[in-house]
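Subject: Structure handover

Hi,

Here is the structure I promised to pass on. Please open it and keep it beside this email as you read.

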Amino acid sequence: MEAKLRKSLIPVLVALMLMMLCCEGLPRAQQTLAEDILLGQRDGYALYALADAPQGEERFFDSDTLYQGELLYVSPGHPLDSQRTHQQARNVRHMVGLYIPAAETVTLSEATIYALCELAEDNPLLSTWITEGMRSPEAQRLLQSQTFESYRATMPLAQAMSRAIADVPDGGCSEHQLAACFDVRLGGEMDWSQSDPLLRTEDGRWLAENAWHYGVIRRYPPDQPEAAGWDSERLHFRYVGKAHAAAMHAAGYCLEKYLQALHRYGALRLDGPQGKPCYILCAQMMKNGAAFVLPDGYEAAPSADNLGYAVCVLTGNQDSAG
């Protein structure tokens with residue numbers, strides 16, 4: 001009898017396991033809250049998950065606009081759609097000369113360049129150099145091929161291929177396909193007692209502490225296991241805008257944890273030391289874009305996240321994110 005019962009339970013267990021596996025790939029329903037929840041606070045900013053989203057008029061943003069935004073998530077598991085228009089970028093040297101110390105080929109979005117100009121006004125970072133900016137998918141694949149060739153000279157073919165793929169993601173799978181991402185090279189006196197390469201120089205330590213003020217985040221901090229970064233990208237930064245950067249700083253989130261919170265709660269509020277509160281809303285993408293409710297007196301900065309959602313920052317007349 002027990003043997004028959006066990007046999008009859010096997011199909012049920014298999015069905016349950018298949019349901020669980022299928023559900024892993026589906027978006028989670030946003031959580032309904034009875035009251036606001038404090039997610040974190042730091043340096044004068046506090047981030048809350050909201051029980052009630054702000055009210056106002058609905059506005060629709062098309063996909064082309066959303067995919068020019070600054071919160072896209074790109075990884076080998078979530079590549080950019082090759083059919084989409086590349087983000088708009090400008091050559092840094094052509095735009096601002098050497099006010100920002102960048103290599104001749106570095107291209108970034110205008111918003112990123114303006115943020116770096118503001119940063120450089122406060123700290124010129126004289127021993128720092130921006131070595132890489134936006135790359136095309138073709139340039140990314142070429143870099144992977146060159147990395148493979150360098151490894152092949154010293155190791156077996158299969159190992160060289162594995163190392164090249166691990167160090168350099170394929171075209172469309174790297175954040176360098178975004179116009180807001182860049183790598184830095186640090187110079188000057190080095191403190192080799194620091195295991196984190198960013199903390200070995202005075203400029204690097206300043207960036208670690210202050211970049212968020214300008215909307216710039218360190219993309220793969222080594223103390224954040226959720227940030228599934230590349231060992232070769234420890235000096236990789238990206239511009240996400242002041243509101244997102246301040247919200248992530250307040251809660252101690254990397255980009256992955258921040259997107260998880262947005263997907264889970266749907267509406268966040270960032271309180272800062274000045275100005276109106278800033279709202280950060282999340283909605284599922286529809287076929288051609290996404291819609292958000294905009295309160296009176298607020299301006300919208302929308303972005304797709306490349307994970308099936310769109311995110312919109314709402315700021316008042318005074319920028320609450322500094």
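Below is what turned up, starting with a sheet and ending with a helix.

One point before that: this is a predicted model.

**The sheet**

Six strands make an open sheet. Their order is β1-β2-β10-β11-β14-β13, and they pair antiparallel. Strands of a sheet pair through backbone hydrogen bonds. Look at the edges, where you will find β1 (37-42) and β13 (299-304). Each has a single partner strand, so one side of each has no neighbour in the sheet. On average, neighbouring strands here are turned by 20 degrees against each other, direction ignored.

Now pick out β10 (residues 267-271) and β11 (residues 278-284). They run antiparallel, and four bridges join them. Within this pair, A267 stands opposite L281 in β11.

**T128**

Next, find T128 in strand β6 (residues 128-132). Is T128 buried or exposed? It is buried, because its relative accessible area is 6% and the cut-off for buried is under 20%. Its side chain makes a polar contact with the side chain of D203, at 2.9 Å. Leaving out residues up to four places away in sequence, T128 touches P101, V184, R185, L186 and D203.

**Helix α7**

D203 leads us to helix α7 (residues 202-210). Buried in this helix are D203, G204, L207 and N210. Seen down the axis, they fall within an arc of 150 degrees, so they line one face of α7. They pack against α4 (110-122), β6, β7 (181-186) and β9 (236-239). On the other side of α7, E202 and E209 are exposed.

Best wishes

How values were computed
Residues are numbered from 1 along each chain as its sequence is written. This is a predicted model: local features need pLDDT of at least 70, side-chain atom pairs count only at pLDDT 80 or more; totals for chains, interfaces and linings use all residues. Side-chain values use heavy atoms; hydrogens and water are left out. Two strands pair if DSSP finds at least two bridges between them. Helices (H or I, at least four residues) and strands (E, at least two) are DSSP runs, numbered from the N terminus. Axes are lines fitted to C-alpha atoms, for helices over the stretch in contact, and angles run from 0 to 180 degrees between N-to-C directions. Buried means under 20% relative accessible area, exposed over 50%, partly exposed in between (1.4 Å probe, protein chains only). A polar contact is a pair of N or O atoms within 3.5 Å; within protein, one must be able to donate a hydrogen and the other to accept it, and residues adjacent in sequence count only if both atoms are side-chain atoms. Contact means heavy atoms within 4.5 Å. The arc is that of the directions from the helix axis to the C-beta atoms.
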